[in-house]
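Thanks for coming. Please have a look at the model on the screen, and then I will go through how the two chains meet.

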Protein chains: 2
Amino acid sequence: MSADFHIRRLCIIGVGLIGGSLARALRKAGCVDTIIGSSRDHQHLQRAQALGVIDDYHTDMRQAATHADVIVLAVPMGAMGKVMAAIKPAITATTVITDVGSAKQGVITQMLTVMETLPAGFVPAHPIAGTEKSGVEASFAELFEQRRVIITPHAHTDPRASAIITNMWQHCGAKVTTMDAKHHDEVLAATSHLPHMLAYALVDTLARMNDRREIFAYAAGGFRDFTRIASSDPQMWHDICLTNREALTQILNIYITDLQQLRAAIERNDGEYLKATFNRAKAARDQYGE
Amino acid sequence: MSADFHIRRLCIIGVGLIGGSLARALRKAGCVDTIIGSSRDHQHLQRAQALGVIDDYHTDMRQAATHADVIVLAVPMGAMGKVMAAIKPAITATTVITDVGSAKQGVITQMLTVMETLPAGFVPAHPIAGTEKSGVEASFAELFEQRRVIITPHAHTDPRASAIITNMWQHCGAKVTTMDAKHHDEVLAATSHLPHMLAYALVDTLARMNDRREIFAYAAGGFRDFTRIASSDPQMWHDICLTNREALTQILNIYITDLQQLRAAIERNDGEYLKATFNRAKAARDQYGE
């Protein structure tokens, strides 16, 4: 982490929970001069400015990105392609561009489609942070403290661009590591995308039952913790599913097979299988969990 | 809730998280004279006595139960039958017996097997409370405050016995409702037993992967909340699975089918299906969750 790290002009496109928290964190760290916000929603940008999250804004994304030293794409992954096309004319040889998408191969593919060659200043990144809430109102400067950020530079990413994005996230208090984009997508499919599918599916299964009122009335603390992530933004998760389709369907297949085996073990009264499974899981959870 | 409710001599068999917390809560409410603990483990009972949770103890369960006005079976469900057989000689026409098992039909069947006819003083009950921790050291008087307790009286349960158990739990701060045992088992399979299976299976699936260290290293807050219940006691959950086998395998079948459909929707890029599912789930979670 460089002590004299500084961004003169930062453009954040999509000033929601992640974009807004990044702006707040960099402001708090005192390492940015001007933060320009952009999105399609004028009123939303006004709120972000009123909250002091951004200094100025443009709904015209190209205008917002012009003369920016660093551009952060913090929009849902389904909107990345359109945003990239809009800002394309503003990208120069020295512009550093990064994103915050939860799946990296899909974002890289979109960038390649729009730009024809991947810009040397493009540093795909994923801050592993968030809450089930969304929107700039939910943003806060400490969101990334002690959290991990994975950057997945492509073959022609300029190491200086990677260093700038690494520094940027470190100044937000995050621990930055580098990973291959494909491997990132597999790891995140397992640890984040799969659990979200399980929670969404569980709440939906129960919500479609006849006695759903009674069922939810008797749900206790464990159920609430377990299903909290089912309150996450449906549009965002729609985008993640479709962007990380391959890795997610693969881990879902493995999980469904495992769950079918567990169900079969219960059906045949196989206590040994159950104890072995639960013991392995508890040991792993106790070892790796908080 | 009767203001002059009082238990002269209470016997708690199994002084763990639930049994210990019940003892602490009744003591705090000042509505019990003497609490006798029992279990197979002498040292464990000594600790419970040293912690002030119980007044006295016997490892001989029959002896512990003799002259008790209320007997609470707070052992794992797999041990219920043996415990019932051990205390059978101590049960008189006026003894009130209850349990805290998470599946009611199985406990009732065990009682019927041991006693030949269901005692009129037998009030099957289930406090929906607990943490992922276990043992008397984790017990605390407030565990049942504002939590639900379901009692599932059988056809010949004496209403006076039901009133005593209802009163007992109300004095712990719990909200007591009555339910048919079969319906209880279905509701709990959906809200508690199924989520535990999903969490155990998820952690186990990931723990058996080659890059498990990396996977767990990148697991964020949502994953930790989601998998907390996978730290629960494996023996207890082994017992719950086998005791509530029918309802649990049934809801697992429904869930697996739903999850397969979600996976298929991701595979065929069916964004509408995904958005509809996630929106329904979020709406239900936001409505019923905390």
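Two residues count as in contact when their C-beta atoms, placed from the backbone, lie within 7 Å. This is a predicted model, in which local features need pLDDT of at least 70, side-chain atom pairs count only at pLDDT 80 or more, and totals for chains, interfaces and linings use all residues. Residues are numbered from 1 along each chain as its sequence is written, while chains are lettered from A and ligands numbered from 1 in the order in which they are written.

The contact takes 73 residues from chain B and 72 residues from chain A. On the chain B side, α7(B) gives the most, with 17 residues. Helices here are DSSP runs of H or I, at least four residues, numbered from the N terminus. By type, the chain B side divides into 42 nonpolar, 14 polar and 17 charged residues; Ala, Val, Leu, Ile, Met, Phe, Trp, Tyr, Cys and Pro count as nonpolar, Asp, Glu, Lys and Arg as charged, and the others, Gly among them, as polar. Of the interface residues of chain B, 99% are also interface residues in chain A, so the copies meet through the same surface.

Now the symmetry. Chain B is superposed on chain A by a rotation of 180 degrees with 0.0 Å of shift along its axis, RMSD 0.0 Å (least squares on the C-alpha atoms of residues with pLDDT of at least 70 in both). That is the relation of a two-fold axis. In chain B, the C-alpha nearest the axis belongs to F226(B), at 2.1 Å.

Note on methods:
Helices (H or I, at least four residues) and strands (E, at least two) are DSSP runs, numbered from the N terminus.
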